Amino acid sequence: MNRATISLLAALAALVAVTGFATLRPDDGTGRETLEYESPRPVERAALTCPRPTAAESATTWYTAYTPADDAPYPEDGDGEETGDSAALLPAPEHTPGTEADESGDAEENAEENAEGLDNGEAGDAEPVVPLQEPGLPVAARVRDADTPALTGTAEQRLAPGWTVQQTTSVPSGPGRGLLGTSCQTPDTEFWFAGASTAETRHDYVHITNPDGAATVVDIDLYGPEGRLESDAGQGITVPAGSSVPIRLSTLNSEPQTNLAVHVTARTGRIGALVEAVDERLGADWLPPAGAPSGRVVLPGIPADAESVRLVVFAPGEEDLALDVGLAGPGGTITPAGYETVSVHAGTLTAVDLEDLTQGEPGSLVLTPASGSGTGTVAAALRVTMGDGEEQEMAFIPATAPVERRASVSGNTASGTELSLVAPDEAAEVEVTYSAGAEGGEPVTETHTVEAGTTLVLAPELPDSTEGQFAVTVRHTGGGSLYASRTLTAESDGATTFTVQTLPDDRSTVAIPDTRQDLSILTD
């Protein structure tokens, strides 16, 4: 047997080991065997990173983990019991270049040990955060510690498909006050953000978390209304294995910029990246990365009582873009007067204050390439404010990917949760499941139709037995495209605080083509 045959056999063995769902079909009379795949199958491993919560002394942070219940089969051991189920997060210590600990190498060594433990599915000496036991039952934890680190972890087997963790922090007072919420991220190689700032009243940080067992180097580029801002300070930032690094955006360029796009890329491996936006007047929240879609752009879930809406759009490509603006509300889609089209030059950022766009009704912004517009991806986000005077708060809604099959969000509360569903083209059929609470209860499932061009807002009606934070799972069961977000509100010192998280598809299955591959090379 030659080397090519050995390599192909090795690749085949690896594929079968990873998926577990490839089988050799017997000789069908042609003298050749064929390989048959089943499709789709649930993922068997998922990874997440969570940023370090705000360092405010008065802060309280809640973590809620959840994996949707699913009937998909999993490999079983000889006794018929599932094996290898696990899902938990471990600390990713903060790394500060140039400190005494950094020079001694102790911080990096500890971070690498954490990362190796995660890669091996071992917790080591660290205490796991919100470890799940079984699908369908959320687990919640509350932390009151200004030194709470970033987190990173993996889920295996039954707990992997759709694994989600919500991080919500309440800060009752001070310049970073507000409700800071984010769904923990799936690591990736690059992220685009629209709506960051280095204005004198803003103190924005990009938090970078490395979940892997080897150090990586990260580059951060800033873009304003005139294009890329020249700076070498954001290039070549080392992030050790299993650690996190916060970078203050104002240190990367000396000229204050009211609106910025931020591009974060890892030269090797994967990272998590989020922008912590802190405004001295409007409080704080997490600015998530934009989905950077091409074609239609959807920003779902503007609250009905939004006081102001600012749209920030960046065109990373080489063509100028013209985007028609639509507001999808409860009764249909309208074109806002005075804001019919947004023009964005290639490589630059455009910000538009849409004021009180929704006029007291909930809605979603839909941007569609205008006739004659260039093509390319778009990074876009909304900054939304609620409240009056000193009690005004801000949150961000980034452009998001659609719910193709299923999406979930955890950390919901009975009195402070609203789900926004938008169908920008044709009507969409939806199944919504509210899980049991972290402290008890039973799941509830509802079915809804989201009419074409509308936004449907749902407030959960839970059974009396539901106790503690719960999860929401949205299943797209038919019809046109579907986008979703969740608004979470909470009372803090007499003021209403809020945060919005979008619900992109959870990518919980692997699409394996139904194919028969000629393996005659193995028998020649």
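Start with the largest pocket in this predicted model: 46 residues line it, and C184, Q185, T186, P504 and D505 are the ones that lie nearest its centre. The space inside comes to about 1300 Å³. Which parts of the chain build the lining? The elements that give two or more residues to it are the strands β4 (45-50), β10 (178-183), β11 (190-196), β20 (297-302), β29 (406-412) and β36 (495-502). Of these, β4 supplies the largest share, with four residues.

C184 is paired with C50 in a disulfide, and their sulfur atoms sit 2.1 Å apart. In case the word is new to you, a disulfide is a covalent bond between the sulfur atoms of two cysteines. The count for this structure is one disulfide. Why does the pair tie together parts that are 134 residues apart in sequence? Because C50 lies in strand β4, while C184 lies in the loop between β10 and β11. The torsion about the S-S bond is about 110°, so this disulfide is right-handed.

Are these two cysteines buried or exposed? A residue counts as buried when its relative accessible area is under 20%. C50 has 1% relative accessibility, so C50 is buried. C184 comes in at 8%, so C184 counts as buried too.

Next, have a look at the second largest pocket, which has a volume of about 220 Å³. Its lining has 17 residues, and L327, I334, L357, T358 and Q359 are the closest to its centre. By class, the lining divides into nine nonpolar, five polar and three charged residues.

In soluble globular proteins, nonpolar side chains tend to be buried together. Here the largest nonpolar core has 37 residues, and those with the most contacts inside it are F193, V206, I208, I220, L222, V262 and V264. Take F193 and see what surrounds it: leaving aside residues up to four places away in sequence, F193 touches L260, A261, V262, V264, A273, L274, V275, L287, P288 and P289. There is also a second, separate core of 29 residues, with L323, V378, A395 and V500 among them.

Methods
Residues are numbered from 1 along each chain as its sequence is written. This is a predicted model: local features need pLDDT of at least 70, side-chain atom pairs count only at pLDDT 80 or more; totals for chains, interfaces and linings use all residues. Side-chain values use heavy atoms; hydrogens and water are left out. On a 1 Å grid over the protein atoms alone, a cavity is a set of points where a 1.4 Å probe fits but cannot get out, and a pocket is an open set with protein on both sides within 12 Å along at least five of seven lines; lining residues have an atom within 4 Å of a point. Grid points are joined across faces, edges and corners, and a volume is the space filled by probe spheres set on the points. Ala, Val, Leu, Ile, Met, Phe, Trp, Tyr, Cys and Pro count as nonpolar, Asp, Glu, Lys and Arg as charged, and the others, Gly among them, as polar. A nonpolar core is a set of buried Ala, Val, Leu, Ile, Met, Phe, Trp, Tyr and Cys residues joined through side-chain atoms within 4.5 Å. Buried means under 20% relative accessible area, exposed over 50%, partly exposed in between (1.4 Å probe, protein chains only). Contact means heavy atoms within 4.5 Å. A disulfide is a pair of cysteine sulfur atoms within 2.5 Å.
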